[in-house]
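Please examine the sequence and the structure shown below.

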Amino acid sequence: MERAIMWILALCAVVGGLDRLLGNRLGLGKRFEDGFELLGSTALSMAGILCLAPLLSGLIGGTLAPAFAALGFDPAILAGVLAIDMGGYPLAVELAEDPLVGRYAGILVAATLGCTVTFTIPVGMGMLSDADRAPFARGMLCGLVALPVGLAAGGLLSGMGIAALAWQSLPVLLLSALLLAGLRFAPRAMLKGFSAFAAVIRAVTTLGLIAGAFSYMTEVEIPGLAPIEDAMAVVASIGVVMLGSLPAAELLQRALKRPLKWLGERTGMNSASATGLIVGAVSVLPAIVLVRDMDARGKVVNAAAMVCSASAFAAHLGFTAGVDAGMLVPLLAAKLAGGAAGAAIALAATHARSVPHSAAES
């Protein structure tokens with residue numbers, strides 16, 4: 001199955017590249033270019049943390065990991081609070097006592113909970129207007145409730161047994177419950193906390209990039225620092241996959257235009273809301289930008305889906321293909337199942353808008 005996915009992405013890269021040569025007649029050449037142009041921002045956000053992964057592993061391994069292991073949990077789960085491409089994966093692999101749990105935490109947990117904690121919530125709440133923050137936070141609540149569905153789907157497909165999966169996921173579920181309570185009862189305090197946490201992650205990433213660049217250019221070895229060339233190799237692999245995944249996502253969006261329109265009509269959401277469900281699965285930032293054009297129900301539903309589905313067909317797919325292609329199917333299962341469950345819960349928790357469809361579109 002993994003090879004089939006990679007072949008599809010490779011063919012889409014060929015089509016996108018040829019369209020670029022022909023002047024972007026199909027609109028796929030631009031998406032091909034976008035995949036390569038994202039290399040810079042991708043490297044800036046993750047290369048430094050990849051360089052620091054061994055040091056962070058040693059730090060956590062000497063402090064939190066022993067206590068965590070004493071309770072019967074694999075220390076790799078601790079890394080799941082970081083996004084998959086912001087240090088979650090390499091840290092989980094370094095900390096893992098069981099390689100299978102390391103893959104589960106570093107890819108599945110980090111691509112859902114970790115992405116939500118370190119990126120979607122702080123960035124989304126920071127970008128949105130005051131009026132949009134409330135429905136966005138409500139959607140995050142619904143998405144966190146659905147998180148176990150995504151983790152169960154992906155975890156079982158990754159080879160974990162039901163008992164092991166349930167036990168190792170317990171810390172994740174407890175953290176999700178705390179996030180639920182915080183977003184429900186103290187949203188402003190949670191926003192400040194998430195923003196501060198995101199600022200710390202950015203600072204650590206920059207320091208790692210500085211150290212890696214210095215070591216590379218001066219040939220001075222820094223103990224515990226992974227070579228920046230290795231980090232950039234991971235970044236490059238993501239960029240290569242995105243050459244195909246972005247054109248593929250564009251084709252998927254076009255193919256689903258009518259079903260999305262039908263979905264919007266049946267659920268009482270406007271076109272921006274329906275489109276956001278696909279856009280968010282490609283890249284979460286454009287979906288957050290679209291929130292301002294969504295109706296009230298769509299804002300909640302999209303935020304709920306983002307908890308698991310964010311960046312499924314671009315950055316996270318590319319990262320996983322580069323470091324562990326065998327986890328592509330579990331990753332997509334976790335993201336799509338969790339995203340669908342989050343959207344369903346949000347639809348059940350909200351009401352279709354009472355204004356006419358044409359009024360909402362305007």
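E219 is exposed, because its relative accessible area is 70%; exposed means over 50%, buried means under 20%, and partly exposed lies in between (1.4 Å probe, protein chains only). This residue sits in the loop between α10 and α11; helices here are DSSP runs of H or I with at least four residues, numbered from the N terminus. The phi angle of E219 is near 60°, a positive value in a residue other than glycine.

The model is predicted: local features need pLDDT of at least 70 and side-chain atom pairs count only at pLDDT 80 or more, whereas totals for chains, interfaces and linings use all residues. Residues are numbered from 1 along each chain as its sequence is written, and side-chain values use heavy atoms, without hydrogens and water.

| Residue | Relative accessible area | Class |
|---|---|---|
| E219 | 70% | exposed |
| L173 | 34% | partly exposed |
| S311 | 9% | buried |
| D295 | 7% | buried |

S311 lies in the loop between α15 and α16, and S311 has a positive phi of about 60° although it is not a glycine. D295 belongs to the loop between α14 (284–290) and α15 (296–309). What does the side chain of D295 reach at 2.5 Å? It is the backbone nitrogen of N270, and the backbone nitrogen of G298 is reached at 2.9 Å.

The largest pocket has a volume of about 680 Å³. A pocket is an open set of points on a 1 Å grid over the protein atoms alone, where a 1.4 Å probe fits, with protein on both sides within 12 Å along at least five of seven lines; lining residues have an atom within 4 Å of a point. The volume is the space filled by probe spheres set on the points, which are joined across faces, edges and corners. Of the 29 lining residues, S41, S45, D85, F119 and L285 are the closest to the centre of the pocket.

Note on methods: Helix = DSSP H or I, 4+ residues; strand = E, 2+ residues; numbered from the N terminus. Polar contact = N/O pair within 3.5 Å; in protein donor to acceptor, adjacent residues only side chain to side chain.
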